[in-house]
Amino acid sequence: MSLDPDDPRPPYQQIASALRAAILTRKIGPGEKLPSQHELSQTYGVARMTIQQALRVLKEEGLTVSRQGSGVFARVRTERPVGLRPHIEAAFEAEHVTVDFVGYTAETLHGVLAEPLDKVRAGRLTPKSLQIRLLLSDMSRPPVNLFTQRESGRVLAGESRGGVAPSRGE
């Protein structure tokens with residue numbers, strides 16, 4: 001593991017991002033001890049203060065817990081995280097990458113794709129193919145309300161009338 005010299009983020013943010021991805025994709029499992037500050041500073045070639053900043057970010061996000069004299073551990077969670085970034089980063093490790101995106105702005109997509117695409121450009125990730133499909137909003141039409149039917153688990157779309165769509169008992 002090394003820092004990306006072309007990444008505009010400070011080193012502690014790059015390190016926090018790498019550790020976050022490892023925790024959320026379960027490369028570092030719940031309750032598992034993270035490498036020591038000394039090991040992380042050696043791995044990334046930075047001062048321990050930089051590592052402490054990165055670990056502080058993860059603690060503030062609720063991803064880690066510190067145990068005095070024992071180290072820093074990935075928090076034991078009762079449910080899987082649903083954040084987008086770790087799943088996108090894991091997907092880019094595959095041979096053929098396909099991303100289907102729906103959203104109101106490209107900022108969300110840019111935020112999660114920037115780092116993996118930088119790693120592709122640098123040759124650290126080497127998918128053979130990359131396909132990105134975008135479903136764009138038509139701002140000239142009324143909004144569509146998406147809801148999930150519990151029985152089938154399918155997501156259905158229905159046009160809203162007056163800003164409210166029927167909920168079918170949901």
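The model is predicted, so local features need pLDDT of at least 70 and side-chain atom pairs count only at pLDDT 80 or more, while totals for chains, interfaces and linings use all residues. Residues are numbered from 1 along each chain as its sequence is written, and side-chain values use heavy atoms, with hydrogens and water left out.

**Overall fold**

- The protein chain holds five helices and six strands; helices (H or I, at least four residues) and strands (E, at least two) are DSSP runs, numbered from the N terminus.
- Read from the N terminus, the order of elements is α-α-α-β-β-α-β-α-β-β-β.
- The chain has 170 residues, and 29% of them count as buried. Buried means under 20% relative accessible area, exposed over 50%, and partly exposed in between (1.4 Å probe, protein chains only).
- About 11,500 Å² of the protein chain is accessible surface, and carbon and sulfur atoms account for 53% of this area. Such areas come from the Shrake-Rupley method with a 1.4 Å probe; for residues, only the protein chains shown count as cover.
- Of the contacts between residues at least 6 apart in sequence, 56% join residues at least 24 apart. A contact means heavy atoms within 4.5 Å.

**Packing of α2 and α3**

- Two packed helices are described by the angle between their axes and the distance between the axes.
- Helix α2 (residues 37–44) and helix α3 (residues 48–60) have axes that come within 9 Å and cross at roughly 110°. Axes are lines fitted to C-alpha atoms, for helices over the stretch in contact, and angles run from 0 to 180 degrees between N-to-C directions.
- The two helices α2 and α3 are therefore roughly perpendicular to each other. Angles under 35 degrees count as roughly parallel, over 145 as roughly antiparallel, 65 to 115 as roughly perpendicular and the rest as oblique.
- On the α2 side the contact is made by Q37, H38, L40, S41 and Y44, and on the α3 side by R48, I51, Q52 and L55.

**Nonpolar cores**

- In soluble globular proteins, nonpolar side chains tend to be buried together.
- The largest nonpolar core here has 18 residues, and L19, L34 and L55 have the most contacts inside it. A nonpolar core is a set of buried Ala, Val, Leu, Ile, Met, Phe, Trp, Tyr and Cys residues joined through side-chain atoms within 4.5 Å.
- At least two residues of this core come from each of α1 (11–24), α2, α3 and β2 (71–74). Helix α1 gives the largest share, six residues.
- Another core, of nine residues, lies apart from this one and includes I88, V97, V112 and L125.
- Beyond its neighbours within four places in sequence, L55 is in contact with L19, L34, Q37, L40, T64 and V72.

**Other residues of α3**

- V57 is found in helix α3. Its C-alpha is 8.7 Å from that of Y12, although V57 and Y12 are 45 residues apart in sequence.
- T50 lies in helix α3. With 16% relative accessibility, T50 counts as buried.
- Leaving aside neighbours within four places in sequence, T50 is in contact with P11, Y12 and I15.

**Residues in loops**

- R26 lies in the loop between α1 and α2. R26 is not a glycine, yet it has a positive phi of about 65°.
- E93 sits in the loop between α4 (85–91) and β3 (96–102). Its relative accessibility is 49%, so E93 counts as partly exposed.
- Leaving aside neighbours within four places in sequence, E93 is in contact with K27 and L125.
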